[in-house]
Amino acid sequence: SKSKPPFPFGGMDLLVGEQPARKVFYVMSFPQGAKPRWLSVSGAPKPIISAGQVQWIINDWKGVQYEPQMPPLREVIPTVLFTASKNWEYEAEKIAAKILTSAVPDEQIQNLADSLIVEGNKMKTVEAILFHLQDKFDHIFVSPNLVGYKPYSAAEILEKGFGDSRNLTVLLLALLKAVDIEAYPALISSRGAMIYDIPTVHQFDRMVVYAVIDGKAVYLDPVQQYADIGYVGAAQGEKAFIIAPGKAGLKNIPPIQTDKNRVYFGYNMNIQDDGSATGTVVTEASGSPAMNLRAQFRHTKKRKKRQHIERAASNISNGAEIEGERKIVGVENNAVSIKVEFSINDPKALVIQDIMGILWMPNAPFEIFHLPDISKDERTFPLFVDKPLQLITSRTFYFPNTYKVDYVPPIQHYENDVGKLSIDSQYGEHSLVVNVSLELTKKRITDADYEKIKQLIRAMAAKRYRIALLESRL
């Protein structure tokens, strides 16, 4: 309602909150001659329009009980978006005037860019530049809408050694310009919120770079320290605002494929007559799980690394301990999957009761992924999974000829609209193998699909799939 609102004029407000209310008023006033635009979403009522004023009224709001893993609130709570910008191009021009004029390479920036060039390979050069900013600079997570769109110059940011997404984007743009890579600032919603086609930057909370490399468009996020090129997390599958004068607008960000956001756990164990077991455990990850694993092992002293492995061994089985040295591959390179391998000794892998041996399937060594929260019997709001995920577990056990297999998890295959689960088991005279593969393919699970995702996760966690039985031949 200010006569001279700060740029970028616009906003996004929830009309109601958690508490019930008999009557809610939301009024937007504007000066004579102004022509603001607005959009009502997620159940917001049609406004009442009068001279210089737009008014939304909600009667008898019953309140809302927040649930685990809800989508961004704009998608489920009555919300109003408004703007004074005529179109996305107008919005882009105002921001570009601040960002692009600051993204100018000086001699130091040129020298740094030249030192990171990979001859004959533009993509590898961009990777090297991006990873330098991700790994060598301190990152501040704050929305440009809170601090404004006027950054420091690229030279100042290089000297300071830290910045928020707005400032590190400026430096990244300058470095890319120094090696003749076409690139522009872009805005995303880091939480993966739905973006509406009304030109207000208040829908976004992070600035990244949109680059075109050998004709291929990629997104570069300089504040995500452990992210691969092209990875922008939950924003993938949604829309980005490309701030390029003359060709500005919303673009679809390619969604994450499940094989790019993946965890593999492999167990190869030898069981002894006394029920103890030794063997190797392998964890391999890409996407978000890889970022979480790199965060544990990069820039970590040797003693701390060993503590992480010791904790991983105890996660697998209570009482299990590591043996020998561990192998960690890919921790220093964001562009590849990361692999952690170590050996363990589990003194109670097989629980012996009379002639039977109970073999519980080992647990995940690292907590680097989260399955959807299905604790509620029913949901009012959709379940927001954030990112598609693939989880693969392969367990191989070898046992002495004093035992024979009495029971293994039955072979099962579940597939529905939200994903699929495959459980496969086989055994021979001295070995058994149990493989489990879970794929979750949707980000937003409606209440109609909630039972389907519960079916997948509950089936995977069911006792009959988590146990094998061996019988003594003696």
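Eight strands make up an open sheet here, ordered S16-S17-S15-S14-S21-S25-S24-S23, with mixed pairing. Strands (E, at least two residues) and helices (H or I, at least four) are DSSP runs numbered from the N terminus, and two strands pair if DSSP finds at least two bridges between them. The edges are S16 (321–329) and S23 (412–416), each pairing on one side only. From one strand to the next, the twist averages 10°. Angles run from 0 to 180 degrees between N-to-C directions, and axes are lines fitted to C-alpha atoms, for helices over the stretch in contact.

Before going further: this is a predicted model, where local features need pLDDT of at least 70, side-chain atom pairs count only at pLDDT 80 or more, and totals for chains, interfaces and linings use all residues. Residues are numbered from 1 along each chain as its sequence is written, and side-chain values use heavy atoms, with hydrogens and water left out.

The other sheet is open too: five strands in the order S11-S10-S9-S12-S13, with antiparallel pairing. Its edge strands, each pairing on one side only, are S11 (216–220) and S13 (249–252).

| Strands | Sense | Bridges | Example partners |
|---|---|---|---|
| S21 (389–398) and S25 (431–440) | antiparallel | 10 bridges | Ile392 and Ser437 |
| S9 (182–188) and S10 (206–213) | antiparallel | seven bridges | Ala186 and Val208 |

H6 lies across S9, S10 and S11, running at about 20° to S10.

How do H3 and H6 sit relative to each other? The axes of H3 (residues 122–136) and H6 (residues 165–178) come within 11 Å and cross at roughly 150°. The crossing of H3 and H6 is right-handed, meaning that the near helix is turned clockwise from the far one by less than a right angle.

On the H3 side, Val126, Ile129, Leu130 and Leu133 meet Leu168, Leu171, Leu172, Leu175 and Leu176 of H6. By class, that contact has nine nonpolar residues, no polar and no charged ones.

Conventions
Contact = heavy atoms within 4.5 Å. Nonpolar A, V, L, I, M, F, W, Y, C, P; charged D, E, K, R; others polar.
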